Amino acid sequence: MALILAANMCSITNSKTVEVIKRIDIEDKMQSRSNIALPPSEASSSRRHLLIGVGPSLLTLTCGLSPPTVWAEEKSGDKEEEDKGVIGAIKSLFDPNEKTKSGKVLPKAYLRSAREVVKTLRESLNEGTDDNAKFRRTADSAKESIREYLGSWRGNQIVAQEESYVILEKVIRSLANYYSKAGPSAPLSHEVKSEILDYLNTAEEFL
């Protein structure tokens with residue numbers, strides 16, 4: 001908005017300045033031809049015309065120089081922000097850690113593995129048994145993600161005290177206890193399924 005006002009002022013000032021300069025030029029020529037000294041009142045009037053002409057000219061010069069300066073400063077600020085964004089993205093890419101939803105900083109590899117367990121196990125529990133092939137696929141995905149998680153992070157002291165780790169241990173233990181009693185092919189009871197889903201929701205809050 002400020003730049004638009006400045007541009008309008010410059011346009012108006014330029015046109016007025018041209019008119020005043022033309023008027024002064026005509027008066028000077030007439031005075032030179034007549035060789036007659038102007039009375040004090042007319043001389044004062046001419047000086048006022050000159051001041052009026054010079055004032056807008058200076059304003060015009062200022063208006064002409066200000067916008068490029070402002071644009072240059074804005075462009076420089078945008079460039080700095082862009083550079084900071086690129087540097088931040090590069091640092092994040094090579095940073096082995098990541099901040100969780102709860103504000104803790106944990107290894108990215110752990111968070112990826114734990115999130116995969118939550119995702120695949122939830123899908124497996126929510127999948128109905130009507131489509132047996134699809135049910136088996138989701139169950140196999142959940143088993144694979146749990147196997148990889150345990151192989152990489154079980155007993156790891158870096159994360160062993162974290163809430164998400166403790167909750168996922170409870171989930172895995174509950175499943176192991178259930179299948180050891182009911183058999184590896186037994187469907188989960190509604191009670192056990194509901195309990196595990198609640199655990200998964202809680203674990204996700206810390207990931």
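Me: Which residue forms a salt bridge with Arg-147?
Reply: The model is a predicted one, in which local features need pLDDT of at least 70 and side-chain atom pairs count only at pLDDT 80 or more, while totals for chains, interfaces and linings use all residues. Residues are numbered from 1 along each chain as its sequence is written, and side-chain values use heavy atoms, with hydrogens and water left out. A salt bridge is a side-chain nitrogen of Lys or Arg within 4 Å of a carboxyl oxygen of Asp or Glu. With closest N and O atoms 2.6 Å apart, the partner of Arg-147 is Glu-144.

Me: In which helix do Arg-147 and Glu-144 lie?
Reply: Helices (H or I, at least four residues) and strands (E, at least two) are DSSP runs, numbered from the N terminus. Arg-147 and Glu-144 are three residues apart, about one turn of the helix, and both belong to helix H4.

Me: Is Glu-169 buried or exposed?
Reply: Glu-169 meets Arg-173 in a salt bridge of 3.9 Å, N to O, and both residues lie in helix H5, four residues apart. Buried means under 20% relative accessible area, exposed over 50%, and partly exposed in between (1.4 Å probe, protein chains only). Arg-173, at 46%, counts as partly exposed. Because its relative accessibility is 11%, Glu-169 counts as buried.

Me: How many residues apart are Lys-104 and Glu-162?
Reply: Lys-104 forms a salt bridge with Glu-162, with 3.3 Å between the closest N and O atoms. The pair links distant parts of the chain: Lys-104 is in the loop between strand E1 (97-99) and strand E2 (105-107), Glu-162 is in the loop between H4 and H5, and the separation is 58 residues.

Me: Which residue is linked with Lys-104 and Glu-162 in a network of salt bridges?
Reply: Lys-104 is partly exposed at 33% relative accessibility, whereas Glu-162 is buried at 14%. The network of salt bridges that links these two residues also includes Glu-163.

Me: Which helix gives the most to the lining of the largest pocket?
Reply: Helix H3 (108-126), helix H4 (132-153) and helix H5 (163-182) each supply at least two lining residues. With seven residues, the one that gives the most is H4.
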